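Please look over the sequence and the model shown below, and keep both at hand while reading the report that follows.

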Amino acid sequence: MGLLKLGFQNQRLHLLHFVPESFSVSTSKFWVQKLTDNKSVKHSALSSTLRSKLIIAKALSTEAEAVSQPKKMVKAIRVHEFGGPEVLKWEDVELGKPKEGEIRIKNKAIGLNFIDIYFRKGVYKAATMPFTPGMEAVGEVTAVGPGLTGRKVGDVVAYAGNPMGSYAEEQILPADRVVPVPPSVDPVIAASVVLKGMTAQFLVRRCFKVEPGHTVLVHAAAGGVGSLLCQWANALGATVIGTVSTKEKAAQAKEDGCHHVIIYKEEDFVACVNEITSGKGVEVVYDSVGKDTFQGSLACLKPRGYMVSFGQSSGSPDPVPLSALAAKSLFLTRPTMMQYTLTRDELLETAGEVFANVASGILRVRVNHKYPLSQAAQAHADLENRRTSGSVVLIP
Ligand SMILES: NC(=O)c1ccc[n+]([C@@H]2O[C@H](COP(=O)([O-])OP(=O)(O)OC[C@H]3O[C@@H](n4cnc5c(N)ncnc54)[C@H](OP(=O)(O)O)[C@@H]3O)[C@@H](O)[C@H]2O)c1
């Protein structure tokens, strides 16, 4: 039941405090506490003057409530202008309460993704400025919005994708965009695999279905997504060819199930693929590098092969004339994880498969780099400059 705390000053009724969950002046069950004599008075027993003043008080109540409650502040990274890693600022930001359909989570670990760099640079445009980047996190539920069922305080949940804003100690999320984290999966592992793993899932299981006997080419095979993609494609029975920039990354890619690794900074990957496949080409190329590899990737495909261009770490590929696909009747797609997890069922199924593969050991998650959240700028610089492999996490 709601409670108004009213006080009389200079013969006038003033609203001092308002504590309603659902407040209705019209209900006769409503009680008012007069602070002057500390007595409770039934609404129906109030004089008409006092009742009309209550109506005014109700109008003021929202404002009064906002003023009377201290604002919750959390630390977060914010971007005020597009640019290099230095535009990532460590600031205090105000956090509201979860509204209907929302939850508040206290982040335990935050996944770093290449998409965060695109937003920081302005390659992709954030809806607001300033904004808090980040699209992957695992945290504990600290509050739920009014009337929400199915989620409770203390649940450990993961999210990947929209809304952006995971580079924060706490954040508000739509409850229907989070998935439960199985107790067997450590939160840091979960934050390293939920977005990247769901990306690998849709790529090998739905965008192009990898099957035994296929040969697949994975660029940036030692990266966050690349590492998982190679392991998953291998587990599905494919012959996996991976490209990487260094010998160290090549060793990791081998461990992750690449049957052949090409150091594409030193070797011509098209010639290597041609040799490995005896001139036949591959069924599918998973190309996240973009500008530097796109044309070569098309050349690696067999007739009716699938060009899956799912990222642009080196920049956007040049425009492709349709005629470029005609020579081998190629398929070209530019998919995103968001479009493959549109419905609640798709989201739960995709995340469920990822966590099941982690639990069964099919996916070994490489948490190769951890940074304090406050040092997100250093983490960005390292990811952008190809100094990382596997997953990168930020710890609040
Ligand atoms: N479509 C989707 O839904 C979706 C979802 C997730 C990720 N992605 C994309 O997948 C890619 C991988 O993301 P990630 O977060 O896992 O990053 P990541 O692969 O760990 O890092 C990017 C890697 O790309 C390679 N690379 C090649 N040329 C590069 C260049 N000029 N600059 C920087 N890196 C270069 C580097 O590996 P080497 O040193 O071995 O070359 C680098 O380590 C990104 O392009 C991302 O946008 C797409």
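How do the residues of the shell around the ligand divide into nonpolar, polar and charged?

## The ligand shell

This is a predicted model, in which local features need pLDDT of at least 70 and side-chain atom pairs count only at pLDDT 80 or more, while totals for chains, interfaces and linings use all residues. Residues are numbered from 1 along each chain as its sequence is written.

The shell around the ligand divides into 11 nonpolar, 13 polar and five charged residues, where Ala, Val, Leu, Ile, Met, Phe, Trp, Tyr, Cys and Pro count as nonpolar, Asp, Glu, Lys and Arg as charged, and the others, Gly among them, as polar. In total 29 residues surround the ligand, the closest being Gly-223, Gly-224, Ser-245, Ser-288 and Gly-311; a residue is near the ligand if its C-beta atom, placed from the backbone, lies within 6 Å of it. Helix 4 (224-235) is among the helices that each supply at least two shell residues, and helix 4 gives the most, with three.

## The nonpolar core

The largest nonpolar core has 89 residues, of which Ala-158, Val-194, Val-216, Leu-229 and Ala-233 touch the most other members. Such a core is a set of buried Ala, Val, Leu, Ile, Met, Phe, Trp, Tyr and Cys residues joined through C-beta atoms within 7 Å, and a residue is buried if 20 or more other C-beta atoms, placed from the backbone, lie within 10 Å of its own.

## The chain as a whole

Of the 396 residues of the protein chain, 39% count as buried. The chain holds 11 helices and 19 strands, which are DSSP runs (H or I, at least four residues, for helices; E, at least two, for strands) numbered from the N terminus.

Definitions and conventions. Buried ≥ 20, exposed ≤ 12 C-beta atoms within 10 Å, placed from the backbone.
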